[in-house]
Amino acid sequence: MSLKVRLIPCLDVKDGRVVKGVRFLDLTDAGDPVEAAEAYDAAGADEICFLDITASHEERDILLDVVARTAEHVFIPVTVGGGVRTVDDVRALMLAGADKVAINTAAVKDRRIVRDASEKFGGQAIVVAIDAKRVNAPGEAPRWEIFTHGGRNPTGIDALAYAREVADLGAGEILLTSMDRDGTRDGFDLELTRAIADAVTIPVIASGGVGTLDHLVEGVKDGGASAVLAASIFHFGTFTIGEAKQHMAAAGVPVRLDGLGATGDEP
Amino acid sequence: MTIAIIDYGAGNLRSAAKAFERMVGETGRADEVMVTANPDIVARADRIVLPGDGAFADCRANLAAISGMIEAIDEAIDVRGRPFLGICVGMQLLATSGDEHGSTPGLDRVQGEVRAIEPADPALKVPHMGWNTLTPRGDHALLAGIDLGRGGLHAYFLHSYHLVADNADDVIATADYGGAVTAVVARGNVAGTQFHPEKSQALGLGLIANFITWSPA
């Protein structure tokens, strides 16, 4: 088997600008998402993820313009999420040049968007983003619930049951974020990642909590993730994409090292 | 010389157009890359590209909905002998039929059926999503000069179905994913890639350059 584990830098975008900027390499404009995406492409990233956190849905054209300009300059896949409410929103992003579209709250509210969008665009293009938080009492069996609005609003929906449901409805991938770990740099919630990865037959992207390169390895080896997503360790220049991939390869995780040296494939 | 990229409502046309424009420049040619829904332009183009994102049946219906487009494709391929490249679902549409969301007839350019991928190892996830290496079967101009094989470059795949060709010789490269997955097909002046060359960095750009300079026998 020679399919590689994907390493995905994620850029938070607000009003067409990268939130907090990207402090790596020599970007002339650290706030330009297109320039950052190009730099990550050149550095060996396997995909780019844009997460739009613009409050107003009326500013959608700005995001579409960012996606369109990115598609013209970046020759790796681009996933776009944030504020996707309808099948028409999915279509607009796909036509702008997104390869995959991530649906979050809209699917929690009404699962039909997952089925409708995957029938229209093929399941391979539809990612369901799941924000999960541990809700079991100490000493109880682990249990996670779906939260919306950046982890503030509980929904009462069990994360495992929800993951199975959206996979059955045709989603092609799950972007799984642990709201307990997001922003902590303590590593992925590996129990959560493993539970979801084992529950579904579609790929799972692990997200939330990466602080070291070993965390990326753990997400794959212990969590069973098909891809690992990180933001701050790359944006702030703590590690380069190349360093991360070399570390993963040295730990026995198959990664794509085209242009970065050895292949990382097993002999 | 013109390279026509057929616009029939599938996404991802910008990336494809930009990748072709870039490689036209790098191969030192002066072809004009046109994204078009006009059958007259397709019929007269020097090279034709059929991209595709989405479900087989939906893409087939969208293509048929453009009056005269299928006839234009036939004219370009059969009468004018122009090189034709299908990408992803655009490649799958070359098959005799596809069985995603019910059986749908294809363009029957590469005889065979588009079927769900069924990796021998049930632990392998479907869709087959991400970067994989290619195993070439024999030599083909479209793959010339590209570093292939297990230690070679990677192509980006994003699919749950693949083209199972009736004639094994039509498959010029496969990817290993719990068994051989059809990666590149070619029959005469018609070819297709299951992966996205416009999203496959060096390997993809190399294949696009080869297509731009391809002179099918």
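This is a predicted model: local features need pLDDT of at least 70, side-chain atom pairs count only at pLDDT 80 or more; totals for chains, interfaces and linings use all residues.
Arg185(A) belongs to the loop that links strand E9 (173-178) to helix H7 (190-199) of chain A. Its phi is near 65 degrees. That is a positive value in a residue other than glycine.

Asp15(A) also has a positive phi, near 50 degrees, and is likewise not a glycine. The loop that holds Asp15(A) runs between strand E1 (6-14) and strand E2 (17-18) of chain A. Asp15(A) has a relative accessible area of 43%.

Chain B contains a cis peptide bond, from Val126(B) to Pro127(B). Omega for this bond is near 10 degrees. Pro127(B) sits in the loop between strand E7 (112-116) and strand E8 (128-133) of chain B.

Ser97(B) is part of strand E5 (residues 97-98) of chain B. The relative accessible area of Ser97(B) is 18%. Buried means under 20%, and Ser97(B) is therefore buried. Beyond its neighbours within four places in sequence, Ser97(B) contacts Phe56(B), Ser103(B), Thr104(B), Pro105(B) and Gly106(B), and also Gly112(B), Glu113(B) and Val114(B). Ala57(B) lies 40 residues away from Ser97(B) along the chain. The C-alpha atoms of these two residues are 9.7 Å apart.

The largest nonpolar core comprises 82 residues. Ile174(A), Leu216(A) and Met248(A) have the most contacts inside it. Helix H6 (residues 159-168) of chain A gives the most to this core, supplying six residues. A second, separate core has 73 residues. Its members include Ala10(B), Leu143(B), Val171(B) and Leu205(B).

Two helix pairs were examined. The axes of helix H3 (residues 87-96) and helix H5 (residues 112-121), both of chain A, come within 10 Å. They cross at roughly 35 degrees. The crossing of H3(A) and H5(A) is right-handed. H3(A) contributes Val87(A), Val90(A), Arg91(A) and Met94(A) to the contact. H5(A) contributes Ile113(A), Asp116(A), Ala117(A), Lys120(A) and Phe121(A). By class, the residues of this contact are six nonpolar, no polar and three charged.

The other pair joins the two chains. Helix H2 (residues 60-73) of chain A and helix H1 (residues 13-26) of chain B have axes that come within 7 Å. Their crossing angle is roughly 30 degrees. Angles under 35 degrees count as roughly parallel, and H2(A) and H1(B) are therefore roughly parallel to each other. The crossing of H2(A) and H1(B) is right-handed. On the H2(A) side, the contact is made by Ala68(A), Ala71(A) and Glu72(A). On the H1(B) side, Arg14(B), Ser15(B) and Lys18(B) take part. The residues of the contact of H2(A) with H1(B) divide into two nonpolar, one polar and three charged.

Key:
Residues are numbered from 1 along each chain as its sequence is written. Chains are lettered from A and ligands numbered from 1 in the order in which they are written. Side-chain values use heavy atoms; hydrogens and water are left out. Helices (H or I, at least four residues) and strands (E, at least two) are DSSP runs, numbered from the N terminus. Buried means under 20% relative accessible area, exposed over 50%, partly exposed in between (1.4 Å probe, protein chains only). Contact means heavy atoms within 4.5 Å. A nonpolar core is a set of buried Ala, Val, Leu, Ile, Met, Phe, Trp, Tyr and Cys residues joined through side-chain atoms within 4.5 Å. Axes are lines fitted to C-alpha atoms, for helices over the stretch in contact, and angles run from 0 to 180 degrees between N-to-C directions. Angles under 35 degrees count as roughly parallel, over 145 as roughly antiparallel, 65 to 115 as roughly perpendicular and the rest as oblique. A crossing is left-handed if the near helix is turned anticlockwise from the far one by less than a right angle, and right-handed if clockwise. Ala, Val, Leu, Ile, Met, Phe, Trp, Tyr, Cys and Pro count as nonpolar, Asp, Glu, Lys and Arg as charged, and the others, Gly among them, as polar.
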